[in-house]
Amino acid sequence: MPPDFPGDFLWGVSTSAFQIEGAVDEDGRGPSSWDAFTAEPGRIKDGTDARIATGHYHRYREDVALMADLGVGAYRFSIAWPRVVPDGRGTVNPLGLDFYDRLVDELCAAGIAPVPTLFHWDTPLLLEEEEGGWRARSITDRFADYVAAVADRLGDRVTRWITINEPAEFTLLGHGIGEHAPGHRLLFDALPVAHHQLLAHGRATRALRAAGDRHRVGVAMSHTPVWTAGGTGDDRAAADLYDTLMNRLFADPILTGRYPDGFAEAMPGPVEDDLKAISAPLDFYGVNYYNPSLVGAPRPGEPDPYSGIALPPDLPFALHDIEGYPRTAFGWPVVPDGLRELLVALRDRYGEALPPIVITENGCSCDDAPDGDGRVADPDRIAYLDGHLRALREAMDAGVDVRGYFVWSLLDNFEWAEGHRQRFGLVHVDYATLHRTPKDSFAWYKELLDREKAR
């Protein structure tokens with residue numbers, strides 16, 4: 001097992017609403033941009049959709065029971081904005097809030113701390129179609145109103161909140177190159193989307209603070225160590241730009257109140273005033289880590305080696321394959337030490353401006369299925385988690401303040417543009433029957449948590 005962790009370390013698992021809930025047209029839920037995207041032919045690689053997903057909306061008690069058996073102290077889930085405010089603006093849907101009310105009660109009864117994420121990519125479709133979605137500044141007002149409604153209902157039991165998940169991916173994949181919802185291919189004209197997410201985060205933070213002093217607020221940011229491919233000046237410039245886009249474009253405004261050089265001028269609105277709201281102090285900083293990125297000068301016509309996506313030819317950088325490491329089923333390289341490298345780099349870059357860190361996502365997809373006896377063996381996932389927890393402990397020993405770790409994911413789920421063909425869960429889901437089967441990695445994580453509790 002990995003080395004010991006502090007006694008107050010927070011152990012958890014993560015999911016997101018669109019990927020597991022299903023019930024997309026029940027109890028007043030409105031459509032989201034992802035519902036529309038999945039309905040477009042050819043958007044989802046295996047042709048599936050999330051109308052049922054894992055059926056969590058109706059099976060949440062079963063899933064909370066699984067978490068209680070696992071022994072986690074916290075559950076990071078997301079709240080579907082269109083379930084709570086079907087049009088994204090105006091009338092709040094009480095049935096939508098009722099669902100999350102029941103879920104939070106179930107978690108609290110099991111001794112599991114609820115950690116809601118308020119936006120995990122499922123934009124209400126009406127806002128996208130009538131107001132321009134995240135391209136328009138009006139969405140920050142809509143988001144703040146929605147957050148206030150959720151905090152008013154759940155804030156007596158929820159103390160930890162995450163405002164927005166992975167704004168870099170949402171900007172790049174959804175608005176830059178069009179491979180995720182809403183499917184826009186704006187390239188660098190997508191920068192207003194980045195700014196509006198940051199401003200929405202700031203306004204959500206303000207709304208949560210106004211709801212009471214007990215609330216602890218954070219954000220979930222994807223980060224990647226960026227390695228340079230090749231030794232030319234163009235290679236170094238490409239890697240520097242990618243590092244800025246993925247690691248600094250969102251972190252700098254939140255943690256320092258400034259954009260990286262040259263980016264403030266590209267942002268809409270009264271940027272200096274907005275930055276005051278964006279940089280409101282946080283209680284924790286969520287880090288999602290999966291693998292490093294090897295980046296060099298553009299290579300027109302060559303796809304991203306991990307997703308197979310044909311990147312636009314006018315992008316000023318190219319992603320290269322990282323060789324010499326094991327691979328996940330997604331094709332991503334397994335580099336545990338990249339997590340240590342990343343955390344130390346964040347600490348060195350931001351110093352005292354960096355709040356305590358929580359690893360809000362870390363995990364891998366594997367090709368796993370029940371054998372003839374019903375067992376789901378996933379030794380590659382166990383090795384992945386073991387290696388990353390050892391790397392995390394090394395970062396902590398080097399002085400990085402890390403307070404918690406959440407595995408992605410509790411359940412196999414709808415993996416965005418991949419559909420159901422990538423399995424990240426500690427629990428196997430049979431998508432035909434929705435039967436849940438804890439995998440060997442579930443038992444391994446449970447043993448780790450039992451050991452930590454017994455110390």
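**Helix packing, cores and backbone**

Guide: Helices α3 and α15 are oblique to each other. This model is predicted: local features need pLDDT of at least 70 and side-chain atom pairs count only at pLDDT 80 or more, whereas totals for chains, interfaces and linings use all residues. Residues are numbered from 1 along each chain as its sequence is written, and side-chain values use heavy atoms, with hydrogens and water left out.

Visitor: At what angle do the axes of α3 and α15 cross?

Guide: Helices (H or I, at least four residues) and strands (E, at least two) are DSSP runs, numbered from the N terminus. Axes are lines fitted to C-alpha atoms, for helices over the stretch in contact, and angles between N-to-C directions run from 0 to 180 degrees. Angles under 35 degrees count as roughly parallel, over 145 as roughly antiparallel, 65 to 115 as roughly perpendicular, and the rest as oblique. Here the axes of α3 and α15 (residues 440-454) cross at roughly 50 degrees and come within 9 Å.

Visitor: Which residues of α3 and α15 meet?

Guide: Contact means heavy atoms within 4.5 Å. On the α3 side the residues are Leu 66, Asp 69 and Leu 70, and they meet Phe 442, Tyr 445, Lys 446 and Leu 449 of α15. Sorted by class, this contact has five nonpolar, no polar and two charged residues; Ala, Val, Leu, Ile, Met, Phe, Trp, Tyr, Cys and Pro count as nonpolar, Asp, Glu, Lys and Arg as charged, and the others, Gly among them, as polar.

Visitor: How are α3 and α5 oriented, roughly parallel or roughly antiparallel?

Guide: The axes of α3 (residues 56-70) and α5 (residues 94-109) cross at roughly 15 degrees and come within 10 Å, so the two helices are roughly parallel. Their crossing is right-handed: a crossing is left-handed if the near helix is turned anticlockwise from the far one by less than a right angle, and right-handed if clockwise. Helix α3 contributes His 56, Tyr 57, Tyr 60, Arg 61, Val 64 and Met 67 to the contact, and α5 contributes Leu 95, Phe 99, Arg 102, Leu 103, Glu 106 and Leu 107. Eight of these residues are nonpolar, one is polar and three are charged.

Visitor: What angle separates α8 and α9?

Guide: Helix α8 (residues 167-176) packs on α9 at about 150 degrees, with the axes 9 Å apart; the pair is therefore roughly antiparallel. The contact joins Pro 167, Phe 170, Thr 171 and His 175 of α8 to Val 193, Ala 194 and Gln 197 of α9. Its classes are four nonpolar, three polar and no charged residues.

Visitor: How many residues does the largest nonpolar core have?

Guide: In soluble globular proteins, nonpolar side chains tend to be buried together. A nonpolar core is a set of buried Ala, Val, Leu, Ile, Met, Phe, Trp, Tyr and Cys residues joined through side-chain atoms within 4.5 Å. Buried means under 20% relative accessible area, exposed over 50%, and partly exposed in between (1.4 Å probe, protein chains only). The largest core here has 136 residues, and Leu 392 and Tyr 445 have the most contacts inside it. Helix α9 (residues 191-210) supplies the largest share, eight residues. Beyond four places in sequence, Leu 392 touches Phe 5, Phe 9, Leu 339, Leu 343, Ile 359, Val 402 and Tyr 405. A second, separate core of eight residues includes Leu 10, Ala 74, Val 358 and Phe 406.

Visitor: Is Val 334 buried or exposed?

Guide: Val 334 lies in the loop between β9 (318-320) and α13 (337-350), and its relative accessible area of 15% makes it buried. By contrast, Pro 313, in the loop between β8 (293-296) and β9, counts as exposed at 62%.

Visitor: Which residues other than glycine have a positive phi?

Guide: Most residues other than glycine have a negative phi, and most peptide bonds are trans. Among those with a positive phi are Asp 27, near 55 degrees, and Trp 121, at about 85 degrees. Asp 27 is partly exposed, at 35%, whereas Trp 121 is buried, at 4%.

Visitor: Where are cis peptide bonds found?

Guide: One joins Ala 181 and Pro 182, with omega about 5 degrees; Pro 182 is in the loop between α8 and α9. Another runs from Trp 408 to Ser 409, with omega near 10 degrees, and Ser 409 lies in the loop between β11 (402-408) and β12 (427-429).
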